[in-house]
Amino acid sequence: MPGILSTSVAYAGSCWQIFFCPLLFFLLSGAVNARQPLEIAKDCKSEYVIVIPRKATPVVQYAAQELQHFVAEISGVRLAITPEGELLKRPAFFLGSTEKSIRYLETAKLKRLTNDGLLIKTIGNDVVLTGDGGRGQLYSVYELLERYWGVRFLTRDCTVVPKQQRLTLPEIDYHYSPPFPYRETSYFDSHPQQIAARQRLNGNAQQCDHTVGGKFQFYPWVHSFYAVVSNEKYFDEHPEFFSLVDGKRNRYSQLCLTNRDMHRVAIARVLGWLKEKPQVAVVDVSQREGGRFCECAPCQELVDQEGEYAPILHFVNKVADAVAEKHPDKWISTLGYNYMPPKTLRPRSNVIIRLTHAGCYIHGATSCSLHGGGAQLFLDSFAAWQKITRNLYIWHYTTNFAHYLAPRRNLNGLPHDLRYYAQHGVDFGVFVQGNSQSRGGELAELRQYLAAKLLWDPTLDANKIREDFCRGYYGPAAESVMEVLRLMDRATGNKDTHLWASPAPRETVSPSYLEEMLKVLGRAQDEAKEQPYLNRVEKLLIPYWYVQLFDPDYYHLGVTDIRKIVTQFERVVAANGITHRREQPIGHLSQWISELKQKYGIPVE
Ligand SMILES: [Zn+2]
Ligand SMILES: [Zn+2]
């Protein structure tokens with residue numbers, strides 16, 4: 001509109017003139033109005049509609065329904081969903097790849113959105129919501145709901161939705177791309193599709209299909225050498241495919257990683273999987289858990305020249321080359337554990353190296369004062385790999401794998417480490433491994449929420465996330481629960497205190513600490529008063545009941561005390577569908593409770 005522009009320029013020289021220019025006055029007052037909040041809904045009425053592209057993908061349709069659902073929850077008004085192109089005389093949310101959002105992105109010259117990144121932009125009275133791919137488009141809705149209207153997707157069964165009689169939006173010009181394309185936790189309740197999408201998790205454990213933009217599906221998940229080249233199928237005919245150990249080919253070892261015939265079998269197998277399972281994004285080709293490596297002359301020569309990791313990478317690169325030719329969009333992952341990279345051999349550009357966060361787990365890898373036995377081995381390996389590839393994946397442990405239910409005072413470690421990974425070249429992503437077999441691990445709900453939030457944006461304030469969670473999830477008991485978390489922090493703030501993968505429960509809870517914790521949790525129970533808050537606080541008691549039942553003598557418990565605790569423990573565990581107490585061997589909780597009842601003379605119903 002050149003006429004308007006030239007008019008405004010003509011009058012721009014003098015404030016006095018501007019004041020008396022009717023056209024400019026109109027323009028400026030328009031600008032002022034644009035800065036007023038947009039009124040989305042008031043008194044259960046709204047002018048707004050949700051506009052989606054004429055050929056909307058399933059994920060945009062899902063996103064539109066989510067927006068519709070939550071606007072209704074917040075304001076009491078259900079917005080219509082309509083395809084773009086119909087004559088609109090109403091303001092709208094333009095969702096997904098609408099012509100309006102495409103036009104805006106063309107003119108705005110923004111840095112490209114990546115890694116499921118998203119954009120929210122108000123244009124006049126309209127709101128453009130879009131993102132990188134299907135997931136980014138869906139997440140733009142969740143960002144809007146969380147950032148501007150206070151919605152919180154805390155757990156599978158707890159969403160905070162603040163009601164508003166008058167629902168507004170400020171002028172918005174927001175876009176963000178997260179540092180990690182892949183964001184996974186394995187907490188049991190992070191698996192279902194709805195909460196996974198709402199928490200923006202997109203890993204293998206998440207049950208996310210194309211309706212929410214899919215996920216990074218791995219196949220196999222890990223330790224896959226025998227899935228790639230089966231010892232059952234090949235050992236008798238081709239023992240040379242397997243490790244030479246003490247002069248003999250070994251059926252239960254690793255693979256002979258320099259054997260070219262074995263490479264051909266492996267490549268055929270991997271290409272077959274990719275043909276059969278087009279939804280797979282990452283094929284894993286990684287060493288078995290246990291089993292010795294090959295001592296044949298070619299394998300040894302490679303080790304001597306390039307270091308102990310060289311045969312593995314040599315083999316993985318062969319598979320990666322074949323995959324790159326036919327499936328340039330697919331990845332090959334392999335375990336790097338805490339190995340140092342080979343001297344000169346480099347991973348192909350489609351190879352993901354999975355490093356494992358090992359050592360002390362309590363306070364963040366770089367805050368540990370132990371060397372060698374602490375996180376140093378991991379940090380040294382990480383630093384070396386980071387110099388030669390950006391396709392790094394961190395396998396990050398958070399739980400006590402031998403005692404899912406025991407207290408684990410490492411809440412502060414996660415934000416510290418995720419920030420470190422993001423700042424130091426982890427360009428693929430992070431897997432936060434929690435208790436996956438059952439709900440109910442210590443603080444599992446909070447840990448899942450905290451991990452999801454920080455995987456999306458590691459710069460967020462972890463204490464603010466914790467507080468948000470406590471206020472929404474524990475309601476009237478929130479202050480006391482936050483005190484519980486502070487007690488955990490205090491106990492582990494010391495960089496000279498260390499904690500390993502699977503400590504005995506008593507190592508993490510002294511009798512005096514237990515006493516202090518039970519006092520605060522008792523207060524939280526009184527404050528919670530009613531459901532669902534009371535049950536949620538009782539779940540916080542499970543870890544402290546568990547340590548006492550596991551080691552009653554250490555905590556000076558008499559039989560009467562034990563019986564009382566077993567009864568409470570059994571009730572809360574049953575009410576919450578908690579079935580496992582450890583990872584391996586499969587730790588069925590019901591059996592353990594039966595044994596306790598038998599031992600302490602409690603009648604078994
Ligand atoms: Zn060999
Ligand atoms: Zn430490």
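Leaving aside neighbours within four places in sequence, Tyr421 is in contact with Phe180, His357, Phe378, Phe382, Ile394, His396, Val426 and Val430. Contact here means heavy atoms within 4.5 Å. The structure is a predicted model: local features need pLDDT of at least 70, side-chain atom pairs count only at pLDDT 80 or more, and totals for chains, interfaces and linings use all residues. Residues are numbered from 1 along each chain as its sequence is written, and side-chain values use heavy atoms, with hydrogens and water left out.

Tyr421 also belongs to the largest nonpolar core, which holds 111 residues. A nonpolar core is a set of buried Ala, Val, Leu, Ile, Met, Phe, Trp, Tyr and Cys residues joined through side-chain atoms within 4.5 Å. Buried means under 20% relative accessible area, exposed over 50%, and partly exposed in between (1.4 Å probe, protein chains only). Val229, Val270, Val285, Tyr421, Tyr474 and Phe569 touch the most other members. Helix H20 (residues 533-550) gives this core its largest share, nine residues. Helices (H or I, at least four residues) and strands (E, at least two) are DSSP runs, numbered from the N terminus. Another core, of 45 residues, lies apart from the largest one. Among its members are Ala64, Leu138, Tyr139 and Tyr142. In soluble globular proteins, nonpolar side chains tend to be buried together.

Charged pairs were examined next. A salt bridge is a side-chain nitrogen of Lys or Arg within 4 Å of a carboxyl oxygen of Asp or Glu. The count by this rule is 34 salt bridges. One of them joins Asp468 to Arg152, with the closest N and O atoms 2.6 Å apart. This pair links distant parts of the chain: Asp468 sits in helix H16 (residues 462-474) and Arg152 in strand S7 (residues 152-155), 316 residues apart.

Asp246 and Arg292 form another salt bridge, at 3.1 Å from N to O. Asp246 lies in the loop between strands S13 (244-245) and S14 (248-249), and Arg292 in the loop between strand S15 (282-284) and helix H11 (297-306), so the pair ties together parts 46 residues apart in sequence. Asp246 is exposed, at 61% relative accessibility. Arg292 is partly exposed, at 42%.

Arg264 is exposed, with a relative accessible area of 56%. Asp261 is partly exposed, at 38%. Elsewhere, salt bridges that share partners join Glu143, Glu146, Arg147, Arg200 and Lys453 into one network.

Definitions and conventions: Chains are lettered from A and ligands numbered from 1 in the order in which they are written.
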